[in-house]
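Here is a quick tour for anyone meeting this protein for the first time. Take a look at the model, then read on.

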Amino acid sequence: MTFETILLDKQEGVAFITLNRPEALNALNAALLSEVGEALLSLDKDDDVGAIVITGSEKAFAAGADIKEMAEQSFAEVLKEDKFAAINAVFAAIHKPVIAAVSGYALGGGCELAMACDFIIAAESAKFGQPEIKLGVIPGMGGSQRLTRIIGKSKAMDMILTGRMMDAAEAERAGLVSRIVPTEDLIEHVTEIARGIAHLSLPSVILAKEATNRALETTLTEGLIFERRVFHSLFATNDQKEGMNAFIEKRQPQFKNS
Ligand code: HXC
């Protein structure tokens, strides 16, 4: 696969998708969204990959959808093209964990792309925002829905109606990011986290992601039933025997993803 707007790298079970439009602070144009989608779908099928990281540059994870590409589009065109729905559908289809490693600006579609990932690790330099309102539009790739579920109505309204940015510390307090790390060490920290996950049993990782996502989609009663059945089903794997026996025998487990 050759790409023009992203870089793809694989190391020891971890795949890195690096957004690479430095001239536009990684603004999400149609080509970039399509390449991210294509890369995600192929990495999800790749047996050498156990976890995926999406990152940008030190200055910008992504400064939003590409305003220059959108500026002159008509209602009928954006309705027909619907490129932001397509990438959300790709994320919904990915089984493996996807981690956003955010340094610098994650604005508009950039913040929404980070939120489409399973969790966000922020550099101290990270800045999140949904500034679409200042352009006469609103978030269009999940911002009004995901941000509200993640940080609650009051703060989401504040962000979406004022278009202001929040820094990494505020984002961590609000639960938008799971951890903050020194900016210069972002990739090192995220690599270690992703590698740790990639060494676990893939069936349990896939089902842990699915069960956790189910919490946002269903009632507590249904979610608890779903979790119980998934928990029971993992006793059919060799890796459950290996994981528990390794604990008892005081050794590291050797998972075979079976
Ligand atoms: C296209 C962009 C861009 C964007 C930056 N650039 N953001 N191009 N779309 N979203 C370009 C600039 O035009 C400029 O190119 C170059 O990147 C560097 O940007 P500067 O503005 O010169 O950098 P700086 O002064 O450091 O300011 C950084 C910034 C600012 C604060 C992040 O660039 C900014 O406010 N960007 C727009 C943020 C935004 O409104 N995002 C939401 C987009 S709408 P040139 O060639 O001109 O020098 C959106 C809709 C989502 O995301 C709906 C579905 C996804």
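His95 comes out at 45% relative accessibility, so it counts as partly exposed. This is a predicted model, by the way. To find His95, look in the loop that runs between α4 and β5 (98-102).

Who does His95 touch? Setting aside residues up to four places away in sequence, His95 touches Asp44, Ile206 and Lys209. Leu135 is another story: it sits 40 residues from His95 along the chain, and their C-alpha atoms are separated by 35 Å.

## Stepping back: the whole protein

Zooming out, the protein has twelve helices and ten strands. Its radius of gyration is 19 Å, close to the 18 Å that the globule rule gives for 258 residues, so the protein is as compact as a globular protein of that length. Taken along the principal axes, the box filled by the C-alpha atoms is roughly 60 × 45 × 40 Å.

How much of it is tucked away? Of the 258 residues, 45% count as buried. Now for the contacts: among those between residues at least 6 apart in sequence, 66% join residues at least 24 apart.

## Surface and charge

The accessible surface comes to about 13800 Å², and 56% of that belongs to carbon and sulfur atoms. As for charges, the protein has 26 positive and 36 negative ones. The mean positions of these two sets are 6 Å apart.

## Helix α4 and its buried face

Helix α4 covers residues 83-93, and its buried residues are Lys83, Phe84, Ile87, Asn88, Val90 and Phe91. Looking down the axis of α4, you find these buried residues within an arc of 155°, so they line one face of the helix.

## Helix α6 and what covers it

Which residues of α6 (residues 143-151) are buried? They are Gly143, Leu147 and Ile151. These residues cover an arc of only 15° around the axis, which puts them on the same side of α6.

The cover over the buried residues of α6 includes α5 (109-116), α7 (153-162), β9 (165-167) and α8 (168-174). Just after α6 comes Gly152, with a positive phi of about 90°.

## Ile160, a residue of α7

Ile160 has its place in helix α7. Is it buried or exposed? With 13% relative accessibility, Ile160 counts as buried, the cut-off being under 20%.

Leaving aside neighbours within four places in sequence, Ile160 is in contact with Gln130, Ile133, Pro139, Gly143, Ser144 and Leu147. Two of these names, Gly143 and Leu147, are also on the list of buried residues in α6. Lys134 is 26 residues from Ile160 along the chain, with 9.6 Å separating their C-alpha atoms.

## Two positive phi angles

Leu25 has a positive phi of about 50°, although it is not a glycine. You will find Leu25 in the loop between β2 (14-19) and α1 (30-45), and at 28% relative accessibility it counts as partly exposed.

Asn257 is also a residue other than glycine with a positive phi, near 55°. Asn257 lies in the segment after α12 (238-248). Its relative accessible area is 41%, so Asn257 is partly exposed.

Key. Residues numbered from 1 in each chain as written. Predicted model: local features only at pLDDT ≥ 70, side-chain atom pairs only at ≥ 80, totals over all residues. Heavy atoms only, no water. Helix = DSSP H or I, 4+ residues; strand = E, 2+ residues; numbered from the N terminus. Rg over C-alpha atoms; globule rule 2.2 N^0.38 Å. Buried < 20%, exposed > 50% of the residue type's maximum accessible area, 1.4 Å probe, protein only. Contact = heavy atoms within 4.5 Å. Areas by Shrake-Rupley, 256 points an atom, 1.4 Å probe, with all protein chains shown as cover. Lys, Arg positive; Asp, Glu negative; His and termini not counted. Charge placed at Lys NZ, Arg CZ, Asp CG, Glu CD. Arc of directions from axis to C-beta.
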